[in-house]
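Please keep the sequence and the structure in view while reading.

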Amino acid sequence: MELVSPARRMPIPEDVRDLLRDLLDRPAAVTRRRVEAFDTERRIYVTGRYISDRDQLIGACVLELRLAAAVGAALSMMSAGVVREAERAERIDGALRENVHEIINIASALLNGALLPHLRLSEVVDGVPADVIELAGRGTGHKHYDVTIEGYDGGSMALIAI
């Protein structure tokens, strides 16, 4: 008899909200949105790639650039102007990028659970890599959220996992 791992529980909006509130020490609003293809032609994204203990891609956290900059700025209590600068530059760098890396790393806890293959952050990259898009198409877990952090612009977030 083959042993099968249970299905990975995808977080509800309240789980994401609570994690962000705890990390950022400020109110956050999170609502579920319809899952749709990543619009890489019109939007800029930052992606955290989650891998298994066998170094295989098994999950991802994809943030719209505006949201990535907002959560990164909020973590260190940077001004909302930093978010606008990142949007104009169409990228996040320096301390802002380090903060985003930390938040995406901690967000992996939303996808881990008992009896499931452990996933961990391997890297944070600009854009949405082709293998993450492919994973989103076949992943058993895939949710999108609209996120707003008090005092900052909001944006979309996607969590994907198998």
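**A cavity and the helices around it**

A search of the whole structure finds one cavity of 30 Å³ or more. A cavity here is a set of points, on a 1 Å grid over the protein atoms alone, where a 1.4 Å probe fits but cannot get out; points are joined across faces, edges and corners, and a volume is the space filled by probe spheres set on them. The model is predicted, with local features needing pLDDT of at least 70 and side-chain atom pairs counting only at pLDDT 80 or more, while totals for chains, interfaces and linings use all residues. Residues are numbered from 1 along each chain as its sequence is written, and side-chain values use heavy atoms, with hydrogens and water left out.

The largest cavity holds about 70 Å³ of space. Its lining (residues with an atom within 4 Å of a point) consists of V16, L19, L20, C61, L63, L67, V71, I103, I104, A107, V147 and M157. Two or more lining residues come from each of α1, β3 (57–64), α2 (65–75) and α4; helices (H or I, at least four residues) and strands (E, at least two) are DSSP runs, numbered from the N terminus. By class, the lining has 12 nonpolar, no polar and no charged residues, where Ala, Val, Leu, Ile, Met, Phe, Trp, Tyr, Cys and Pro count as nonpolar, Asp, Glu, Lys and Arg as charged, and the others, Gly among them, as polar.

The helix pairs can be taken in turn. Helix α1 (residues 13–24) packs on helix α4 (residues 94–107) at an angle of about 135 degrees, with their axes 11 Å apart. Axes are lines fitted to C-alpha atoms, for helices over the stretch in contact, and angles run from 0 to 180 degrees between N-to-C directions. The pair is therefore oblique, given that angles under 35 degrees count as roughly parallel, over 145 as roughly antiparallel, 65 to 115 as roughly perpendicular and the rest as oblique. L19, L20, L23 and L24 of α1 meet I103, I106 and A107 of α4, contact meaning heavy atoms within 4.5 Å. This contact has seven nonpolar, no polar and no charged residues.

Helices α2 and α4 pack at about 95 degrees, with axes 8 Å apart, which means that α2 is roughly perpendicular to α4. A68, A69, V71, G72, A73 and L75 of α2 contact L96, N99, V100 and I103 of α4, giving eight nonpolar, two polar and no charged residues.

Finally, α1 and α2 pack at about 40 degrees, with axes 9 Å apart.

Methods: On a 1 Å grid over the protein atoms alone, a cavity is a set of points where a 1.4 Å probe fits but cannot get out, and a pocket is an open set with protein on both sides within 12 Å along at least five of seven lines; lining residues have an atom within 4 Å of a point.
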